[in-house]
Amino acid sequence: MVSTAVFHAISTEMVVGSFAIAALGSITCAVATLIPSIRERMPSRLHMQLDSAAYIASIFGILMVPLAIVTGYLTAESMGGQNGMSLNKMIFSGLCIGFWSGVISGRRLCGYRLWDHRGLAILQGCSALAGFTTTVILGSLGGQLGRGETALDLLPFDLGIYTPPSIGIVPALVLFLFSGLALGSVLFLQSRPVIE
Amino acid sequence: MWILNRLLILGVLACLLSSPVMEANPGGNGDGTRDFACGGACHADPDISQPSSAVITVNTDRESTYVDGPLTITAEISGMELSDRRLVGVFLTTGTFGVDDSPDDSGWIVTSDANGGTSNYVEMHVLDSTAGISVSWSLTAPPVEGVTTFHIGIHHGGGGAARLADTSDNGGISIAVGPIPENFPQLSDWTPVTQREIGASTTLEAKIVNVTSVNLEWQIPGTNTMQSISAESTSNGWQASLPAALAEGALEYRWRLSNQDFETTSAWTTLSSDSASSVDVNPARLLMLTLAMITASLLISLQRFMANDLISSEPKMEQLESPKDRIFQTDSPTFTMDDPRRPVGWTDEQWTHYGPDYISNLGGVV
C-alpha cells in the first residue's frame with residue numbers, strides 16, 4: 001500500500017513546480033513593464049505566453065495546495081503527531097494561499113492589461129515573489145521534518161522559521177473573525193472595476 | 001448574479017482552506033478523558049470490526065492505597081495488528097460497559113499519563129508490535145474508602161478493519177482504598193509537573209508532611225536504571241531538580257518519603273519534553289485561515305483600487321509590439337481594432353495577438 005508520504009511528495013512537487021513557473025512568468029512580465037528596454041527586446045508573443053503560463057500555473061498550483069496540506073497533515077500524524085514545525089508549515093500554507101490568491105485575482109481582474117500599469121505590475125511581481133518565497137520556506141520546513149536538513153541551512157543566519165508563534169485559541173479566533181470581515185468587505189463592499 | 005459570483009468565490013475559498021480541518025478518525029482523536037464507548041461505532045461494530053490479537057497485562061506499583069493516596073497503573077500491550085499509521089488508543093477505565101467508566105467518574109484523579117497529559121485515553125505509536133508498548137498512569141485515590149476495579153481497553157486498526165480489546169475477560173485489577181495511617185508521610189500540596197521545555201532543568205517543589213527524609217527518584221521509561229536525588233528542605237517545602245532533557249522524550253519521577261515509622265513513594269509521574277504532545281493544532285489552523293484571508297483581501301483591495309486607472313485609459317497597443325515583432329510586420333497602419341477582416345466574436349486581445357497571422361493566412365497585408 002502506498003503511504004500518504006508518497007502522495008505528499010507528489011503533490012508538493014506539483015505545487016512547487018507550478019508556482020516556480022508562475023513566479024518566473026509573473027516576475028519577468030513585471031520587470032518587462034518596469035524596464036522598457038527589456039520590453040522592447042522581448043517578442044510580444046513571448047510576453048503574452050509568459051503571462052498566460054503564469055496565470056494557468058498559479059491556478060493549478062493553488063488547486064494542488066489543499067491536496068498537499070491534507071497529505072502533509074496525514075503524514076505528520078503517521079510520523080508521531082504534530083509538532084512545532086508542522087504547525088509552522090500549516091501557518092505558512094495560509095500565507096502561500098493568500099499570496100497566490102492575490103496573483104490570480106489580479107490577473108483575473110485586469111486581464112492582460114495588468115502589464116500596462118506600473119503599479120499593478122509591481123504588485124503582481126511582488127505577490128508572486130512573496131508567494132514563491134513562502135513556497136520555498138514550506139519546502140525547507142518539509143526537508144527539515146523529513147530529512148533533518150535543508151538547503152536553507154547554508155544561509156549564514158537563522159530564519160527563525162522553525163519555532164511556531166505562541167498564540168492562544170481566543171486571540172486566534174478574534175484574528176480569524178477580523179480577517180473574515182476584511183475579506184467579506186473587500187469582496188462585497190469595494191467596487192470592482194470592469195476592465196475592457 | 002454579482003452576489004452569486006462572490007458567494008461562489010467565498011465558498012470555493014472556504015472549501016480550499018477548510019480541507020485540513022476535516023480529518024478521519026483512523027488518524028485518531030487525540031488524547032482526552034473518554035469513556036470506553038468512544039469509538040465503539042467503528043471498533044465495536046461487528047460488521048466492520050474484527051477481534052484484536054493484542055495481549056494486555058496490567059500492573060500497579062502497590063496493592064492498595066489510602067484516601068487521596070497515590071497509585072501508578074502500568075499496562076503492557078503487545079502482539080496487536082497495526083495499520084499504516086501504527087496508532088493504538090489505550091483507555092484506563094473502571095469498567096467496560098462503555099459509559100461513565102472513566103476513573104474520574106469513580107472519584108479518581110489522573111495526575112499524569114504516558115504522554116505527559118492528564119487523560120485516561122492516550123494514543124501511542126507502536127514501532128514494533130512484538131515488543132509492544134508500555135503505558136502508565138499516575139492517579140490520586142478518591143476521598144472515600146472503597147474498592148475500584150481498573151480495566152485497560154485498546155482501539156486500533158490493522159488488516160483494513162477496526163479492532164478492539166480489553167481486560168474484561170481476566171477481571172482487570174482491583175485496588176482497595178483504605179484510611180490514612182497515623183503519622184503517614186504524604187504530599188500535602190502538590191501539582192505534578194508533566195511538561196517541560198527541551199534544554200532546561202526542572203526544579204520540583206512540594207509541601208510534604210510527616211517526613212524526615214525526601215528523595216526524588218527518576219528513570220527513563222522502559223529501563224531498569226533508577227536515579228535518586230536527595231531533596232532539600234526550604235521555606236516553601238521540599239525541593240529537588242531533574243536534569244535537563246537534551247532531546248524530545250519522557251522520564252518518570254516520584255517522591256520517596258520516609259520518617260521513623262514509614263517509607264512510601266508517590267505515584268510515578270511522566271514528565272514529557274515531547275513537543276508533539278504539547279502543541280495545540282486549533283490556533284494554528286485558525287491562524288492559517290486568517291493569514292490566507294487577510295493577505296488575499298489586502299491584495300484584492302489594492303488591485304481594485306489601482307485598476308481604476310485602467311478603466312479610463314485605452315489599451316497601450318504600442319506596448320504589445322516590440323521592434324522584434326515588427327521585423328515580421330509592415331509599417332502599414334491598416335491593422336486596427338475595427339478592421340473589417342476581424343472575425344466575429346474575437347476579443348481585442350485575440351485580434352491584437354492573432355490578427356496579423358490570420359490576415360497573413362488569408363493572403364492579406366497587415
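Student: What pattern does chain A follow, read along the sequence?
Tutor: Chain A reads α-α-α-α-α-α. It has 6 helices and 0 strands. Helices here are DSSP runs of H or I with at least four residues, strands are runs of E with at least two, and both are numbered from the N terminus.

Student: Where do these coordinates come from, and how are things numbered?
Tutor: This is a predicted model, where local features need pLDDT of at least 70, side-chain atom pairs count only at pLDDT 80 or more, and totals for chains, interfaces and linings use all residues. Residues are numbered from 1 along each chain as its sequence is written, while chains are lettered from A and ligands numbered from 1 in the order in which they are written.

Student: How many of chain A's residues count as buried?
Tutor: Of its 196 residues, 46%. Buried means 20 or more other C-beta atoms within 10 Å of the residue's own; exposed means 12 or fewer; partly exposed is in between; the C-beta atoms are placed from the backbone.

Student: Which way do helix 1 and helix 5 of chain A run, parallel or antiparallel?
Tutor: Helix 1 (residues 4-34) and helix 5 (residues 118-147) of chain A pack at about 155°, with axes 8 Å apart. That makes helix 1 of chain A roughly antiparallel to helix 5 of chain A. The cut-offs: under 35 degrees is roughly parallel, over 145 roughly antiparallel, 65 to 115 roughly perpendicular, and the rest oblique. Axes are lines fitted to C-alpha atoms, for helices over the stretch in contact, and angles run from 0 to 180 degrees between N-to-C directions.

Student: What sits in that contact?
Tutor: Helix 1 of chain A brings residues including V15(A), F19(A) and I27(A). Helix 5 of chain A brings, among them, I122(A), L129(A) and F132(A). By class, that contact has 14 nonpolar, 9 polar and 1 charged residues. Nonpolar covers Ala, Val, Leu, Ile, Met, Phe, Trp, Tyr, Cys and Pro; charged covers Asp, Glu, Lys and Arg; the others, Gly among them, are polar.

Student: Switching to chain B. What is it built from?
Tutor: Chain B has 7 helices and 20 strands. Of its 366 residues, 36% count as buried.

Student: Which helix of chain B packs on helix 6 of chain A?
Tutor: Helix 4 (residues 281-312) of chain B packs on helix 6 (residues 169-188) of chain A, at about 25° with axes 8 Å apart. The two are therefore roughly parallel to each other. Residues in the contact include L173(A) and F176(A) on helix 6 of chain A, and L286(B) and M293(B) on helix 4 of chain B. The contact divides into 16 nonpolar, 6 polar and no charged residues.

Student: How many bridges join strand 13 to strand 17 of chain B?
Tutor: 5 bridges. In strand 17 of chain B, T203(B) has S241(B) as its bridge partner, and A206(B) stands opposite W238(B).

Student: What about the other open sheet, what's its order?
Tutor: It has 4 strands of chain B in the order 2-4-8-6, with antiparallel pairing. Its edges are strand 2 (55-60) and strand 6 (109-112) of chain B.

Student: Last one. Where is N183(B), and is it buried or exposed?
Tutor: N183(B) is in the loop between strand 11 (173-178) and strand 12 of chain B. N183(B) is exposed, with 12 other C-beta atoms within 10 Å. Its phi is near 60°, a positive value in a residue other than glycine.

Definitions and conventions
Contact = placed C-beta atoms within 7 Å. Pairing = 2+ DSSP bridges.
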